[in-house]
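Please read these numbered points with the model open beside you. Each takes up one topic and gives the cut-offs for its terms where they come up.

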Amino acid sequence: MDENRRDFLKKAGVGSLVGLGVVSAIGVIAEKEGKASTVSEDTSGTRLGMVVDTRKCPEGCTICSEVCHSIHNVPDFRQADRSPDLKHEIKWIWKEPYHNAFPSKSGAFMSESLLSRKVAVLCNHCKSPSCVRVCPTQATFKRSDGIVLMDFHRCIGCRFCMAACPYGSRSFNWQDPREESGKQVKGGKDINPEFPTRERGVVEKCNFCAERLAKNLKPACVEKCPEGALTFGDLNNPNSEIRSILKSNNTIQRKPELGTGPSVFYIV
Amino acid sequence: MYDAGKIIAGLVIFVGIVTYPIWGSIGSSVNVPVPVVKTSGTCVESAEYMRANHMQMLNEWRDEVVRDNNRVYVSQQYGKEFEKSLSSAGKASCMSCHSNKAEFCDSCHNYTAVTPYCWECHLEPKEEI
């Protein structure tokens with residue numbers, strides 16, 4: 001093919017103009033999509049959530065976590081001297097000091113009661129969960145009713161989800177959660193045969209009692225709380241009990257500035 | 001060829017040793033295990049279907065229960081409804097009929113050298129020995 005310098009430059013010029021046009025067109029389209037995603041709260045479908053009334057939660061009471069951990073076969077790792085083994089700790093629902101649960105809502109001259117208050121914390125079952133975005137095997141996923149669930153069968157133990165979760169709601173099984181006998185979880189509790197245990201090398205967290213919801217039961221922590229401090233329901237149903245509590249109380253979420261959209265609300 | 005006798009004899013011995021696993025097991029074959037079913041009645045599908053497809057069915061059940069919250073299986077053959085559950089105490093589940101894991105599951109799994117990891121997490125039923 002016979003081509004001189006002049007023709008080549010002409011073609012190259014036309015080509016680069018077309019290229020620039022395509023790039024700017026993509027930019028315009030992408031901008032439109034970006035704007036569309038920032039509309040106000042979408043309330044279609046079901047979004048299960050919880051309200052925790054921390055005022056009703058008595059000091060020293062751990063009934064919610066005891067009940068949850070015993071029905072879900074959550075192991076209780078202990079060191080040789082029987083003190084809690086914090087490096088291997090596994091927790092689904094537990095109590096955290098106020099300033100740890102709400103670091104961005106703690107300041108100077110806080111009320112005495114808030115300073116000393118312990119807040120029940122659990123997986124927030126976020127509207128846009130960062131753990132689900134990073135999971136490479138889709139072992140953790142968001143169900144259509146808003147529950148962020150784990151498929152323990154698929155978890156490869158990479159712990160990306162633990163790094164992504166801003167609430168520390170996920171725990172990793174560094175050790176076999178079962179005793180050698182296979183009949184008890186670590187810590188000495190008998191295994192609840194209604195629910196599986198986990199194996200070494202998987203991540204676990206609160207499942208909002210998906211197995212109980214399937215039987216039309218409330219989550220165990222909600223049912224067993226002696227003070228009625230926990231309320232569970234559909235956040236998207238304007239007539240639900242949880243919505244009436246949200247309407248009539250000032251509630252806060254944990255780290256809402258991160259944009260995960262937590263479905264667990266707190267009355268402080 | 002030098003030392004032909006030694007070489008040929010050596011080759012015969014070598015081939016004999018290498019193929020020992022083949023001819024050594026002739027006549028001493030292990031019988032195909034027959035899983036022991038303790039209860040009468042029917043499974044969710046016919047025994048032939050279950051024998052061929054139980055592994056696939058359990059995988060499908062697992063995904064449907066965990067991901068879609070779809071917990072009821074309608075039998076293709078009998079039209080009855082069953083709870084999709086491998087091992088759940090007191091309720092209808094695979095292991096409530098087939099409670100003899102060692103004779104029912106393990107005998108075939110050992111024979112075919114497959115090691116499913118069900119029991120790493122799910123609780124096997126207590127066996128009366």
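1. Trp94(A) is partly exposed, with 19 other C-beta atoms within 10 Å. A residue counts as buried if 20 or more other C-beta atoms lie within 10 Å of its own, as exposed if 12 or fewer do, and as partly exposed in between, with C-beta atoms placed from the backbone. Trp94(A) belongs to strand β2 (residues 93–97) of chain A. Leaving out residues up to four places away in sequence, Trp94(A) touches Ser65(A) and Val121(A); two residues are in contact if their C-beta atoms, placed from the backbone, lie within 7 Å. Gly168(A) is 74 residues from Trp94(A) along the chain, and their C-alpha atoms are separated by 11 Å.

2. On the source: this is a predicted model, in which local features need pLDDT of at least 70, side-chain atom pairs count only at pLDDT 80 or more, and totals for chains, interfaces and linings use all residues. Residues are numbered from 1 along each chain as its sequence is written, while chains are lettered from A and ligands numbered from 1 in the order in which they are written.

3. Chain A has nine helices and 10 strands. Its radius of gyration is 25 Å, well over the 18 Å that the globule rule gives for 268 residues, so chain A is more spread out than a compact globule. The radius is taken over C-alpha atoms, and the rule is 2.2 Å times the number of residues to the power 0.38. Helices (H or I, at least four residues) and strands (E, at least two) are DSSP runs, numbered from the N terminus. The C-alpha trace of chain A spans about 85 × 50 × 40 Å along its principal axes.

4. What share of the 268 residues in chain A is buried? The figure is 33%. The largest nonpolar core has 51 residues, and those touching the most other members include Val52(A), Cys64(A) and Leu122(A). Such a core is a set of buried Ala, Val, Leu, Ile, Met, Phe, Trp, Tyr and Cys residues joined through C-beta atoms within 7 Å. Setting aside residues up to four places away in sequence, Leu122(A) touches Trp92(A), Ile93(A), Ser169(A), Cys206(A) and Val264(A).

5. Chain B comes to five helices and two strands, in the order α-α-α-β-β-α-α from the N terminus on. Buried residues make up 7% of chain B.

6. Helix α1(B) has 15 residues and reaches 21 Å from its first C-alpha to its last, close to the 21 Å expected at 1.5 Å a residue; the expected span is 1.5 Å times one less than the number of residues. Is α1(B) largely in the open or buried? The number of its 15 residues that are buried is zero, so α1(B) lies largely in the open.

7. The mean pLDDT of chain B is 88, and 95% of its residues reach 70 or more; pLDDT is the predictor's confidence in each residue, from 0 to 100. Among the elements of chain B, helix α1 (residues 4–18) has the highest mean pLDDT (95) and helix α2 (residues 20–23) the lowest (87).

8. Where the chains meet, 11 residues of chain B are in contact with 14 residues of chain A. The predictor gives the complex an ipTM of 0.76 and a pTM of 0.80.
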